[in-house]
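Me: Please take a close look at a single part of this structure and describe what surrounds it. Keep to plain terms and give the cut-offs as you go.

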Amino acid sequence: MLIGEVARRSGVSARMLRHYESLGLVRPSGRTGSGYREYADADIRRILHVESLRSLGLSLREVGRALDDPGFTPSALVGDLVRRTRERIAAETELLTRLHRIDRAEPAGWEDVLQVVSLLRSLGSTSPAARQRAALSSASSASSHDEAPVEALVEAALAETDPNVAGALRWALARAAGDGSALLAEALGSPVAAVRERAVRALAALPGAAADARLREALAHPDPVVRGHAAPALAARGVTDTVPTLVDMVVAGRNDTDAADALSLLAARDAATAERIARDLVGRLSLRATEASARGRLTQALADVPGPTASRALAELSNDEDRAVALTATYLLRLRDAP
């Protein structure tokens with residue numbers, strides 16, 4: 001079979017067949033009297049084997065080894081191909097994500113594209129200072145086309161470990177043109193505790209009804225750290241549904257100072273809320289299972305809760321059998337009675 005017929009049947013061009021021959025991958029079995037290459041059935045099979053291995057991503061050099069080296073084992077090569085393919089897919093996925101982000105920024109020209117790309121690269125820098133500058137510049141830029149897409153800011157905030165950069169990213173997200181609350185809420189389902197905490201802290205910094213709704217949902221989250229960040233943030237916005245979570249935080253000693261401050265802030269809103277908070281605190285004090293350290297924190301939390309229920313509770317606690325609790329309650333009563 002001559003080279004033209006081989007090319008037609010195999011789908012490999014005559015030029016590529018000559019290239020394979022120059023590399024020693026395929027050699028025609030013979031020549032015609034006129035000197036034309038003549039391929040046998042075994043040569044055709046060899047060509048098909050070359051093409052099959054190339055379709056797996058092997059280089060021509062690796063194809064030659066696979067076909068000619070008796071000691072060559074496919075397992076190592078296939079494993080390497082899997083690794084390289086995954087790396088290529090990851091790189092292509094990252095490129096696709098970056099292109100989507102640039103597209104959502106609606107660039108008006110190549111200058112805008114380059115500005116967004118520069119911001120995205122800075123957000124991914126290994127330098128914390130560069131990442132912080134990128135976050136701050138994305139929020140303070142005068143032109144909307146200079147802003148980093150919200151998706152990029154969210155991704156950076158969820159991955160950031162430097163506290164200063166994390167604060168800058170939360171600040172940038174709160175001022176971004178888009179709404180990142182849905183993406184942050186999705187991250188609350190992450191199996192990584194640190195990611196969940198970064199997500200709820202970023203949500204707590206976002207203004208608006210959408211963020212409020214996501215934080216309300218976070219009050220029922222199974223992770224106490226998520227609840228512990230959501231409750232004080234909502235309390236600062238006047239949401240009284242946070243009271244049970246805040247009281248739980250005081251009892252558990254988890255961000256209990258922030259929780260007590262949030263309770264006092266809510267108690268100052270109106271008398272009814274203050275009485276409800278006082279009753280909840282006193283109710284936990286009366287439980288026998290409540291540990292001594294928790295009773296001390298509950299007593300301290302009553303300090304800034306106005307109203308008769310809190311005052312009566314502190315008067316009773318001033319005679320508590322636990323000397324530390326009694327001394328704390330006595331001191332707080334004096335502060336309440338001071339002019």
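Reply: Thr245 lies in helix α14, where helices are DSSP runs of H or I with at least four residues, numbered from the N terminus. This is a predicted model, in which local features need pLDDT of at least 70 and side-chain atom pairs count only at pLDDT 80 or more, while totals for chains, interfaces and linings use all residues. Residues are numbered from 1 along each chain as its sequence is written, and side-chain values use heavy atoms, with hydrogens and water left out.

Thr245 counts as buried because its relative accessibility is 12%; buried means under 20% relative accessible area, exposed over 50% and partly exposed in between, with a 1.4 Å probe and protein chains only. Leaving out residues up to four places away in sequence, Thr245 touches Leu219, Arg227 and Ala231, contact being heavy atoms within 4.5 Å.

Helix α14 spans residues 243-252 and packs against helix α16, residues 271-285, at an angle of about 40° with the axes 10 Å apart. Axes are lines fitted to C-alpha atoms, for helices over the stretch in contact, and angles run from 0 to 180 degrees between N-to-C directions. On the α14 side, Val243, Pro244, Val247, Asp248 and Val251 take part, and they meet Arg276, Ile277, Asp280, Leu281 and Arg284 of α16.

Leu281 also has contacts of its own: beyond its neighbours within four places in sequence, these are Val247, Leu263, Leu298, Ala301, Leu302 and Val305.

Key:
Helices (H or I, at least four residues) and strands (E, at least two) are DSSP runs, numbered from the N terminus.
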